[in-house]
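Reader: I would like to learn how to read a few features of a structure. Could we take them in turn?

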Amino acid sequence: RTHKMSQTKVEAPFVENNLPFRNIIHNGNFYVHQRAQNQQVTTQILSVIDRWSVATTVNSFDATWSQSTTVPTGQGFTNSLKCDVGTAVTPSGGANYAARQSIEGKNLQHLKFGTSSAESLTLSFWVRSNKTGTYCVQFRGNDTGKSCVVDYTISSADTWEKKTMTISGDTASAWDNDVNSSLECLWHLAVGSDDQVTPSSSWGVASNLFRASSNQINFMDSTSNEWYLTGVQLEIGTQATDFEHLPFDVQLQRCERYLQKWLADDAYDSVANGAAWNDTSFICEYRFSTPMREEPTLTTNGTFIASMTGNDRSASSITLNRTTKENIQIVMTIPDNNETGTPGFFRDGNDGDSYLLFSADLL
């Protein structure tokens with residue numbers, strides 16, 4: 001005699017904490033750093049680590065920003081953003097100094113701002129400094145001219161602390177659906193008296209400017225001050241979930257929309273095939289591994305050469321031609337050797353550390 005066992009289908013529970021790509025912030029663990037160099041930031045808005053920049057309004061501020069390996073224990077992080085004060089400054093007037101990430105309008109449409117269904121947002125991050133006190137984060141709407149400014153406190157010196165804050169959705173104003181900067185998240189470190197406001201988690205008119213809380217301390221008051229940030233996550237809802245650790249290749253691809261780097265592994269590495277366009281120009285086509293946000297600009301480091309018929313021609317200048325988001329033509333000015341039409345290839349010289357940096361950063 002046989003017995004049939006009844007089978008009950010058990011549905012796997014829905015775990016909201018596992019929603020993919022819930023983090024609106026890119027490279028929030030500062031893992032990707034294609035520039036691989038420290039940046040001293042004084043009088044400009046300058047990119048420091050992939051997708052992260054520093055905003056400053058006056059030339060009196062001076063700090064060095066770098067990728068650090070100082071991280072909270074047991075959280076799965078390997079890197080953080082570090083700020084070292086270079087010159088002690090007391091801010092006045094409209095002076096501001098802040099770490100920043102800008103976010104495209106196309107990446108914000110699911111927040112439904114400008115409708116009655118506008119979503120609340122929760123920001124979480126880990127922070128550390130020897131300078132304790134009240135700091136603030138500004139959520140700045142470039143399309144709407146509005147801001148939220150929320151305080152947080154570093155309570156213990158040289159200790160990693162996790163901070164969480166929630167802001168309301170804006171039912172009145174929508175983000176533009178384009179590739180430009182619609183939302184900026186700014187971690188202020190110093191602010192002058194002209195730009196101090198009362199903190200609020202609701203969107204208010206702020207003249208589309210950098211604004212910080214009236215409670216913001218002056219982190220820039222001593223050259224011994226250090227500030228660290230990692231584990232940054234911005235997500236829909238009123239609850240912070242665990243940090244979303246994306247695979248490195250996925251995070252790199254997201255960053256490559258804004259910055260791509262060709263880096264030589266050794267001397268005389270090849271970049272691309274090409275030919276002499278005329279007696280003094282060598283031209284080749286370079287295709288990006290990821291389509292970029294917009295047509296990029298080029299920064300070069302080291303020496304580059306055009307190799308044709310066994311001879312190397314040194315580049316006196318390198319420019320871009322017919323630039324698109326997917327590919328570009330690289331044009332090298334070379335010595336006149338009557339080689340028009342001769343095929344060859346574009347490569348780095350006897351450096352081994354030359355690079356080409358293509359930037360479509362959202363500043």
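Predicted model: local features only at pLDDT ≥ 70, side-chain atom pairs only at ≥ 80, totals over all residues.

Reader: How many salt bridges does a search of the whole structure find?

Author: Side chains of opposite charge can pair when their charged atoms come close. In this model the search finds 15 salt bridges. One of them joins Glu 184 to Arg 100, with the closest N and O atoms 3.0 Å apart. Glu 184 belongs to strand S11 (residues 181-191) and Arg 100 to strand S6 (residues 96-104), so the pair links distant parts of the chain, 84 residues apart.

Reader: Why does Glu 184 count as buried?

Author: The cut-off for buried is under 20% relative accessible area. Glu 184 is buried because its relative accessible area is 3%. Arg 140 has 10%, so Arg 140 is buried too. Arg 100 is likewise buried.

Reader: Where do the partners of the salt bridge between Arg 257 and Glu 104 lie?

Author: The N to O distance in that bridge is 2.9 Å. Arg 257 sits in the loop between helix H1 (248-256) and strand S16 (259-263), while Glu 104 is in strand S6; the two are 153 residues apart.

Reader: Is Arg 257 buried or partly exposed?

Author: Arg 257 is partly exposed, since its relative accessible area is 25%. Glu 104, by contrast, counts as buried because its relative accessibility is 1%.

Reader: Which residues are linked in a network of salt bridges?

Author: Lys 82, Asp 84 and Glu 226 are linked in such a network.

Reader: Now the pocket. How much space lies in the largest pocket?

Author: Rolling a probe the size of a water molecule over the atoms shows where empty space is left. Here the largest pocket holds about 320 Å³. It is lined by 16 residues, and those closest to its centre are Phe 21, Arg 22, Asn 23, Glu 235 and Ile 236.

Reader: What does the lining of the largest pocket have by class?

Author: The lining has eight polar, four nonpolar and four charged residues.

Reader: Next, the sheet. What is the order of strands in the open sheet of seven strands?

Author: The order is S21-S20-S24-S17-S18-S23-S22, and the pairing is antiparallel. Strand S21 (311-314) and strand S22 (317-321) stand at the edges; each has a single partner strand, so one side of each is left without a neighbour in the sheet. From one strand to the next, the twist averages 35 degrees.

Reader: Over how many bridges do S22 and strand S23 pair?

Author: S22 and strand S23 (residues 327-333) pair over five bridges, in the antiparallel sense. Within this pairing, Gln 329 in S23 is the bridge partner of Asn 321.

Reader: Last, the loop residue. Where does Asn 218 lie?

Author: Asn 218 is in the loop between strand S14 (212-213) and strand S15 (226-236). Its relative accessible area is 17%, so Asn 218 is buried. Gly 192 is 26 residues away along the chain, and the C-alpha atoms of Asn 218 and Gly 192 are separated by 9.3 Å.

Definitions and conventions:
Residues numbered from 1 in each chain as written. Heavy atoms only, no water. Salt bridge = Lys/Arg side-chain N within 4 Å of Asp/Glu carboxyl O. Helix = DSSP H or I, 4+ residues; strand = E, 2+ residues; numbered from the N terminus. Buried < 20%, exposed > 50% of the residue type's maximum accessible area, 1.4 Å probe, protein only. 1 Å grid on protein atoms, 1.4 Å probe; cavity = no way out; pocket = protein on both sides within 12 Å on 5 of 7 lines; lining within 4 Å. Points joined across faces, edges and corners; volume = space filled by probe spheres on them. Nonpolar A, V, L, I, M, F, W, Y, C, P; charged D, E, K, R; others polar. Pairing = 2+ DSSP bridges. Axes fitted to C-alpha atoms, helices over the stretch in contact; angles between N-to-C directions.
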